[in-house]
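Good morning, and thank you for coming.

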Amino acid sequence: MPTIHSEPQTLRIFECYTAVVANSDKSNGYEEIALIFISGRGRNHGGIGASVVSDWSQMLPDGATVLDLGCGTGVPISLALIQRGFNVYGVDASSTMVKAFRARFPAVPVECAAVEDSDFFGRTFDAVVAVGLFFLLDAGIQRRLVAKVAAVLQSGGRLLFTAPTQSCSWADAMTGRTSNSLGHEAYRNALEAEGMSLVGTQRDEGGNQYYFTQKT
């Protein structure tokens, strides 16, 4: 009997171990394809989202401190903000992306961490931007992230993030992993529950939907 059961027991242990390893990737698959990403969007200074973020940043006070969540290499979003004279901080869970960020912007604070784990440098911000991030996260983490952002935004501070208007799931084009949008109403409700207002939306040339929000 021990011989009969030993192989299944070993298999179950192996399956448990591999599951733990798979779940340890807080970059949601982007560390694995980081070099591919860097060779494309990571070098495109005028990439999709840069003009929207640049226009949005005109509503911020001079010298504002801005947190870029899911900053990647810093191109094009952090770059657009730095060029406008803002004090930028970045957070990204891909160590390869963060290394590229530091090489390009050595004076800009950046942390290699999942947004759900970061303490956001233990400070407050005038604005937070999260382009291409929210929908990579589980629904519960997205809602908790709204609360975390609200907690570090100063009164009147702004959050800009992207997600489809409809509630839906799809396979991420680069990683193949499942992405999830809560949908317009669910995002609005989550924001209002944390003392934030949805003040507008916009679609860019790539079909990405932007949510413009402000802390009341």
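Which residues of E1 lie on one side and which on the other, and are they buried or exposed? Both faces of E1 are covered: Thr65, Leu67 and Leu69 on one side, and Val66 and Asp68 on the other, are all buried. By buried I mean under 20% relative accessible area, by exposed over 50%, and by partly exposed in between, with a 1.4 Å probe and protein chains only. Five of the five residues of E1 are buried, so this strand is largely enclosed by the rest of the structure.

A word on the source. This is a predicted model, in which local features need pLDDT of at least 70 and side-chain atom pairs count only at pLDDT 80 or more, while totals for chains, interfaces and linings use all residues. Residues are numbered from 1 along each chain as its sequence is written, and side-chain values use heavy atoms, with hydrogens and water left out.

Let me turn to the overall picture. The protein has seven helices and nine strands; these are DSSP runs numbered from the N terminus, with helices being H or I of at least four residues and strands being E of at least two. Buried residues make up 44% of the 216 residues in the protein. Contact means heavy atoms within 4.5 Å. Among contacts between residues at least 6 apart in sequence, 64% join residues at least 24 apart.

Now the sheet. Seven strands form an open sheet with mixed pairing, in the order E3-E2-E1-E4-E5-E9-E8. Its edge strands are E3 (110-112) and E8 (196-203), each of which pairs on one side only. Two strands pair if DSSP finds at least two bridges between them. On average, neighbouring strands of this sheet are turned by 15° against each other, direction ignored. Such angles run from 0 to 180 degrees between N-to-C directions, and the axes are lines fitted to C-alpha atoms, for helices over the stretch in contact.

Within the sheet, E1 (residues 65-69) pairs with E2 (residues 87-92) in the parallel sense, over five bridges. Valine 66 stands opposite valine 88 in E2, and aspartate 68 has glycine 90 of E2 as its bridge partner.

Next, the helices on the sheet. Helix H5 (residues 95-104) lies across E2 and E3 and runs at about 160° to E3. Which residues of H5 are buried? They are Met97, Val98 and Phe101. These three cover an arc of only 95° around the axis, which puts them on the same side of H5; the arc is that of the directions from the helix axis to the C-beta atoms. An α-helix has 3.6 residues a turn, so residues three or four places apart point the same way. The buried residues of H5 pack against H2, helix H4 (77-83), E2 and E3. On the face turned away from the buried side, H5 carries the exposed residues Lys99 and Ala103.

In helix H7, the buried residues are Tyr187, Ala190 and Leu191. Their arc around the axis is only 100°, which puts them on the same side of H7. What covers them includes H6, E5, E7, E8 and E9. Just after H7, glycine 195 takes a positive phi of about 75°.

I come now to the interior. A nonpolar core is a set of buried Ala, Val, Leu, Ile, Met, Phe, Trp, Tyr and Cys residues joined through side-chain atoms within 4.5 Å. Of the 36 residues in the largest such core, Leu67, Leu69, Phe120, Leu145, Leu159 and Phe161 touch the most other members. The largest share of this core, six residues, comes from H6. A second, separate core of 23 residues includes Leu60, Leu79, Val108 and Val131.

Finally, consider a hairpin. Strands E6 (residues 168-171) and E7 run antiparallel and are joined by four bridges. Six residues lie between them, and glycine 176 in the turn has a positive phi of about 80°.
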